[in-house]
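Open your viewer and get ready to click along with this tour. At each stop you will be told what to select and what to look for there.

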Amino acid sequence: MIYPLKEWIDAKRGYGFGEKTFYSDHHLGIDHIVKEGTPIYAPMDCEIVSTLNGIQGGNTLWASFNDVDYGILVMRCMHLRELPAKAKYKEG
């Protein structure tokens, strides 16, 4: 499994998993703050199962992964410049 951002170690961070935010007592993700146009990579073979432009996160996608150890995982990417097609994608 690869990480969905190539330079994620150096990326600025917003809220982290489990942190209290202004809208929740328990943040459910990790926010990475990156420059506009930064590519997002599939960390492993996956399927984009939903995309929408919503009030909370703008252009948002949900990708589903089947992990041998953990079962079905879901990754949500928000505030995207554009939405990819709902389809199956290979790692990378």
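Start by selecting Phe22. Is Phe22 buried or exposed? With a relative accessible area of 74%, Phe22 is exposed, because that value is over the 50% cut-off. Keep in mind as you look around that this model is predicted.

Tyr23 has 46% relative accessibility, so Tyr23 counts as partly exposed. A search of the whole structure finds 1 aromatic pair. The two rings in that pair belong to Phe22 and Tyr23: their centres are 4.9 Å apart and their planes stand at 85 degrees, so the pair is edge-to-face. Turn the view until you can see both ring planes.

Next, select Leu28. You will find Leu28 in the loop that lies between strand E1 (12–13) and strand E2 (32–33). Leu28 is exposed, with a relative accessible area of 70%.

Show the model as a cartoon and look for 4 strands forming an open sheet, in the order E5-E4-E3-E6, with antiparallel pairing. The edge strands are E5 and strand E6 (88–89), each of which pairs on one side only.

Zoom in on strand E4 (residues 58–67) and strand E5 (residues 71–80). These two run antiparallel and are joined by 8 bridges. Follow the chain from E4 to E5 and you pass through a hairpin of 3 linking residues. To see one of the bridges, select Asp67, whose partner in E5 is Gly71.

Then move to the other pairing of E4. How many bridges link E3 and E4? E3 and E4 pair in the antiparallel sense over 8 bridges. Select Cys46 and you will see Phe65 of E4 standing opposite.

For the last stop, select Ile48, which lies in strand E3 (residues 46–54). Ile48 has a relative accessible area of 7%, so Ile48 is buried; the cut-off for that word is under 20%. Which residues does Ile48 touch, leaving out those up to four places away in sequence? They are Leu61, Trp62, Ala63, Pro84, Ala85, Lys86, Ala87 and Tyr89.

Note on methods
Residues are numbered from 1 along each chain as its sequence is written. This is a predicted model: local features need pLDDT of at least 70, side-chain atom pairs count only at pLDDT 80 or more; totals for chains, interfaces and linings use all residues. Side-chain values use heavy atoms; hydrogens and water are left out. Buried means under 20% relative accessible area, exposed over 50%, partly exposed in between (1.4 Å probe, protein chains only). Contact means heavy atoms within 4.5 Å. Two strands pair if DSSP finds at least two bridges between them. Rings of Phe, Tyr and Trp (its six-membered ring) pair if their centres lie within 6.5 Å; planes under 30 degrees apart count as stacked, over 60 as edge-to-face and the rest as tilted.
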